[in-house]
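Thanks for coming. I will show one model and go through two parts of it.

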Amino acid sequence: MNHFVDVILPLPLPTRFTYQVRKEEIGDLKKGMRVAVPFGKTKVYTGITANIHQEAPKIYKAKFIEQILDDKPIVTQTQLKFWKWLSSYYMCAEGDILKAALPGAFLLESETVVELNTKTDIDEEGLTDEEYLVYEALQNQSVIKIKEISNLLGKKNVLKILQKLVAKNVAVVSQELYKQYKPKLIRYIKLAELYHKEEELQQLLETLNKAPKQSSVVLTLFSLLAKSKKPISVKQLIKESEASAAIIKTLVDKGVLDEYYLQKDRTDTQQQVEKFQVNLNENQQQAYAEINENFQTNKVTLLHGITSSGKTEIYIQLIKDVISQGKQVLYLLPEIALTTQLISRLQQYFGEDVLVFHSKYSLNERVEVYQHVLEQTKGKIVIGARSSIFLPFQDLGLIIVDESHETTFKQYDPAPRYHARDASVVLSNITKANLLLGSATPSLESYFNAQHHKYGLVSLNRRYGNVLPPQVELVDVKEKYKKKLMKGRFSDTLLEEMKITLSEGKQVILFQNRRGFSPILECNTCGHSPQCPNCDVSLTYHKHNNSLRCHYCGYHIAMQLQCIACKSTEVTTKGFGTEQIETELKSLFPNHKIGRMDLDTTRGKHGYEKIITAFEQQEIDILIGTQMLTKGLDFRNVDLVGVMSADSLLNFPDFRAHERSFHMLVQVAGRAGRTKQRGKVLIQTYNPNHQILQQVTTNSYLEMYKEQLQERQNYKYPPFYRLIKLTFKAKDFNAVNEASSWFAKGLAQGLKENVLGPEFPPVARIRNEYYKNIIIKIPPEHSISKTKEFIEKVRKTYDSVGSFKKVRLILNVDPY
């Protein structure tokens with residue numbers, strides 16, 4: 001009886017591929033293991049075994065798997081089930097999910113490698129010119145990859161030539177798999193065994209008298225060993241003895257010292273654990289009890305707690321309960337900036353039990369976290385950004401989605417285009433774990449579900465320690481400009497409040513949701529502004545490196561001192577970003593430390609950490625930032641928050657613009673006055689009568705919710721209608737137009753007036769590719785799965801049209 005295995009390949013294929021398993025290997029193979037399998041003519045891929053059975057594929061002859069790469073499964077059955085759901089709901093391939101779920105180091109790369117056949121005599125006369133070129137190259141290099149042969153011969157397809165070389169016994173073709181994960185090895189040093197006896201040691205010290213530096217190294221090693229029994233690393237010895245690496249190498253070469261390596265865990269933290277007690281106040285105690293009550297009936301629970309109401313303490317209490325039962329906890333956060341503050345808080349309490357997982361971690365660090373979670377060797381609590389939902393939890397007891405309203409939980413590119421909040425609802429269902437969504441400003445969809453008893457709802461409407469919520473004031477910028485009361489981008493009101501706050505030794509946060517110095521450079525003579533040649537956007541001026549830069553594709557040129565079009569020197573900048581505010585502040589407050597937190601200043605792995613720590617330790621007096629600042633950070637000494645321009649948030653072509661503006665402004669306001677004193681928030685705007693801004697000043701979430709819900713119902717948007725967005729993109733403008741129009745007509749046959757578009761988005765060209773969108777609105781009475789089936793049907797026909805091959809189609813379910 002032959003045995004077969006269905007394998008998920010890391011490719012966007014609509015189906016799993018079946019391979020044959022040799023009799024001697026079948027006993028070692030289990031679901032969830034990695035296997036190296038051939039696919040296509042030359043490639044070998046790492047796939048995951050999803051199913052083992054005895055049915056041969058009917059359409060193609062199953063190839064044999066090349067190698068089993070694991071001793072035990074690295075993907076759990078729960079993960080496979082979860083992937084299947086994600087693939088079907090978000091209309092993407094399981095291969096896309098595999099690539100997102102497994103750290104890249106697990107997916108071994110393959111290249112076909114060609115070597116010279118040294119075992120037989122080669123007849124050089126019988127070789128063609130091209131074959132001889134390859135043969136000659138193989139004599140100079142022991143191993144050549146197929147890509148290199150293609151470049152050598154200037155041909156794309158070189159397989160025929162290779163087959164002939166193999167047939168003539170000139171070359172041997174093999175697959176080389178690279179194992180990418182490398183354990184971190186630390187170099188340690190010890191005294192050679194020979195000198196462990198006293199006589200030899202005495203002799204050694206006498207001979208080293210002539211080499212004082214070498215003698216100093218050996219004596220330092222003795223003193224370190226006397227203090228501690230731990231192994232001594234080379235790095236530590238160099239530091240303590242103030243010697244160079246060359247001296248240590250000399251001692252190793254002489255045989256005086258021996259070096260050896262030990263593997264180090266990259267996820268180790270040097271955090272000192274000081275257990276502190278969490279004391280919940282009366283309101284928190286009540287919320288905690290209500291959450292547990294909801295958990296009894298397995299309900300997803302929404303915790304609606306105003307900013308600074310002490311949600312984190314409740315989370316810690318819940319985590320404590322879960323890990324005392326030996327279960328795992330997943331704590332999801334929308335922003336890496338947030339993890340830095342929370343990690344230290346949770347590590348103070350739970351110590352080694354806390355693991356961190358996000359994209360700023362290196363490949364090898366992610367592999368180690370993955371293995372710890374899989375083997376449950378360490379880290380019962382995982383804190384991470386959205387991709388943490390793919391980790392191989394064995395016994396998940398609780399999922400917390402903090403700041404659950406945040407849009408960063410949605411993955412836009414590449415596929416799978418999932419929403420971590422929505423996916424965690426399904427994950428909690430599969431793993432039978434409890435799920436808590438926490439937010440001061442829940443998303444309309446979550447609150448709607450809570451109002452309709454789909455979720456449990458728990459409210460916390462008092463700040464911790466009964467501190468009053470901040471006082472929010474609107475500043476009419478139009479009026480201030482008229483009265484000439486503006487200094488640069490600052491109104492007199494904001495400057496006055498900043499002076500008072502700083503004189504009291506308190507800190508200030510300023511929020512501007514645009515990085516760079518100025519979004520537009522404009523010529524006063526002809527009105528021309530430099531555009532990006534690859535995208536339909538103007539270039540943003542960055543002062544720190546005096547360049548004009550595109551935020552979509554990274555194109556940049558030097559700052560222009562004269563207009564490119566009419567050569568006039570009358571060029572000025574319009575609009576402002578975080579960098580310009582920083583420049584203005586330096587001249588307005590020369591004696592105060594100013595910090596900036598945006599994408600430009602937080603590029604490194606510890607970029608966020610450095611800025612947040614400096615601000616917490618009050619090394620920075622004024623912190624300017626983009627939306628990174630709005631997300632649940634807890635600064636104890638901030639008394640004033642200034643929003644530089646609220647209008648840019650409100651005037652955005654999106655059905656969620658008003659809801660998002662409310663979220664963002666309430667969240668940024670919540671950073672003020674988090675301890676005893678009441679904080680103050682000043683919002684500069686040209687439109688102080690705007691309804692959303694009025695609702696922010698009174699913090700009326702319910703008022704905003706009812707009003708926006710009414711609008712969503714009138715205009716057929718979520719949570720009443722579901723959305724699917726289709727994006728067409730290609731370098732050829734006409735091809736995008738034709739393909740999108742064809743698809744829209746096909747969809748309209750079955751979905752009629754629920755198909756909107758095709759339309760160009762606000763930025764219709766990015767990286768020289770044109771974009772066009774179709775939106776499908778699914779009414780509440782329609783079946784979502786049937787609608788998706790119909791879209792897939794149209795898509796299959798579309799894929800068979802040759803002229804549309806150059807147009808890429810992207811499907812995005814729930815694109816918000």
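Where is the place of N449? N449 sits in helix 16, residues 444-451; helices are DSSP runs of H or I with at least four residues, strands are E runs of at least two, and both are numbered from the N terminus. Before going on: this is a predicted model, where local features need pLDDT of at least 70, side-chain atom pairs count only at pLDDT 80 or more, and totals for chains, interfaces and linings use all residues. Residues are numbered from 1 along each chain as its sequence is written, and side-chain values use heavy atoms, with hydrogens and water left out.

N449 counts as buried because its relative accessibility is 16%; buried means under 20% relative accessible area, exposed over 50%, partly exposed in between, with a 1.4 Å probe and protein chains only. Leaving aside neighbours within four places in sequence, N449 is in contact with K454 and Y455, contact being heavy atoms within 4.5 Å.

Now helix 2, residues 77-89. Its 13 residues reach 19 Å from first C-alpha to last, close to the 18 Å expected at 1.5 Å a residue; the expected span is 1.5 Å times one less than the number of residues. Buried residues in helix 2 include F82, W83 and Y89. Just after helix 2, M91 has a positive phi of about 50 degrees.
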